[in-house]
Amino acid sequence: MSGTNEKVSRLSDTDIFRSIPKEQLVEIAQVIQDKFVSPKTNICRQGDPGDSYYIIHSRKVRVFLRSEDGVETDLNQLGPGESFGEMALLTDEPRSADIEAIEETHLFILSKEEFDGVLKNHPEVFRNFIKHMSELLRRGDSIIQEEAEFQYHAPKLSLFDFVFIGVVILIFTTIFNFANPNKINIIPKFYDPEEIPKIDLSLANEKHEEGETLFIDARPNYFFEEGHIMGAINIPLSLFNIMYLMLGELDEEENIIVVDKEKNIIVYGRSMSAQYDEEVARKFKNLGHENVKILKTGSQYMPLTWGALSGWRENGYPVEEPNND
Ligand code: CMP
């Protein structure tokens with residue numbers, strides 16, 4: 001237990017009572033009770049009626065809000081010389097927050113009657129409380145708002161929602177694919193005896209630097225125009241037969257265009273719904289090209305979509321972009 005002197009010394013150290021003359025603090029100290037609270041013990045509960053005012057003599061408490069689903073939002077921690085529990089007493093409203101001891105905490109307590117008596121006899125204390133409360137409300141508001149933003153939870157999906165969304169996506173993708181004039185496989189083949197080898201981004205970049213390899217962008221032209229690997233040639237699947245001839249040279253004797261079948265070719269370009277790279281690479285293969293590879297999807301962000309080109313960009317490898325100036 002603390003003696004009156006200790007209590008007076010503590011009171012004179014607080015923002016609320018600092019301005020009160022010592023003799024009056026002695027009167028207040030004489031009606032103050034001691035209370036020791038173990039760690040994790042709740043001292044006030046949000047919503048309960050208020051019957052006491054508390055001054056912390058030693059150690060710390062935590063002020064927090066508890067939502068209906070049990071999520072706790074910390075508002076503050078209070079230590080020696082700070083106080084709590086005045087709001088409910090001053091407003092006659094229920095407790096505005098939960099308070100819990102963080103450590104074994106020594107509190108000084110004033111009952112509601114004694115608290116009212118102090119306010120009556122010391123209007124200055126009353127003013128200090130009003131100042132303190134408006135400060136708390138201002139700070140509490142911004143903390144609550146920050147916490148609410150931080151604790152935003154995505155709406156929960158039930159199993160039904162999940163399955164439903166999956167089915168809808170499947171239906172739309174299938175319809176899209178059937179509408180696609182090129183009839184491209186949207187589901188990767190899990191086993192393909194003629195699987196076209198893949199080449200990873202860094203190796204492909206080495207080949208790019210050597211300059212001996214043809215880079216084929218297999219996507220529709222409007223995607224190619226948006227940006228592509230530096231020096232790549234656009235051979236969209238739908239225009240393959242025409243564009244293929246552009247790779248060759250005229251054999252004057254035979255009067256036909258001949259394409260060098262030994263040339264190294266790297267094909268890239270796929271989307272969620274179309275594996276253009278796979279289909280175009282296969283066309284090269286069917287025409288007798290042996291050295292055809294597909295650029296591996298490498299983007300950490302979009303592995304299923306424009307992966308290879310995104311990954312190429314992420315690695316800082318050379319691309320040609322339209323000049324939008
Ligand atoms: P009362 O509403 O009676 O009970 C809970 C107490 O927590 C409240 O009085 C204030 O003393 C205190 N309190 C409420 N909000 C805060 C805050 N943001 N920071 C510090 N203390 C607070």
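## Basis

The model is predicted: local features need pLDDT of at least 70, side-chain atom pairs count only at pLDDT 80 or more, and totals for chains, interfaces and linings use all residues. Residues are numbered from 1 along each chain as its sequence is written, and side-chain values use heavy atoms, with hydrogens and water left out.

## The antiparallel sheet

Four strands make an open sheet with antiparallel pairing, in the order S1-S8-S3-S6. Strands are DSSP runs of E with at least two residues, helices are runs of H or I with at least four, and both are numbered from the N terminus; two strands pair if DSSP finds at least two bridges between them. S1 and S6 (83-84) are the edge strands, each pairing on one side only.

S8 is joined to S1 (residues 33-37) by 5 bridges. Along this pair, Gln33 stands opposite Ile109 and Lys35 opposite Leu107. S3 and S8 share 6 bridges, and Ser58 has His106 in S8 as its bridge partner. Of the 7 residues in S8, 6 are buried (under 20% relative accessible area with a 1.4 Å probe, protein chains only; exposed is over 50% and partly exposed lies in between).

## The largest nonpolar core

The largest nonpolar core has 19 residues. Such a core is a set of buried Ala, Val, Leu, Ile, Met, Phe, Trp, Tyr and Cys residues joined through side-chain atoms within 4.5 Å. Leu11, Phe17, Ile28, Tyr53 and Val125 have the most contacts inside this core. Two or more residues each come from H1 (4-11), H2 (22-31), S3 (52-58), S8 (105-111), H4 (112-121) and H5 (123-150).

## The parallel sheet

An open sheet of 5 strands pairs in parallel, in the order S9-S16-S15-S10-S12. S9 (198-199) and S12 (233-234) each have a single partner strand, so one side of each is left without a neighbour in the sheet. S15 (residues 265-268) and S16 (residues 292-295) pair over 3 bridges, with Ile265 opposite Val292.

Helix H10 (residues 276-286) packs on this sheet and touches S9, S10 (214-217), S15 and S16. The direction of H10 makes about 150° with that of S15; axes are lines fitted to C-alpha atoms, for helices over the stretch in contact, and angles run from 0 to 180 degrees between N-to-C directions.

Note on methods. Contact = heavy atoms within 4.5 Å.
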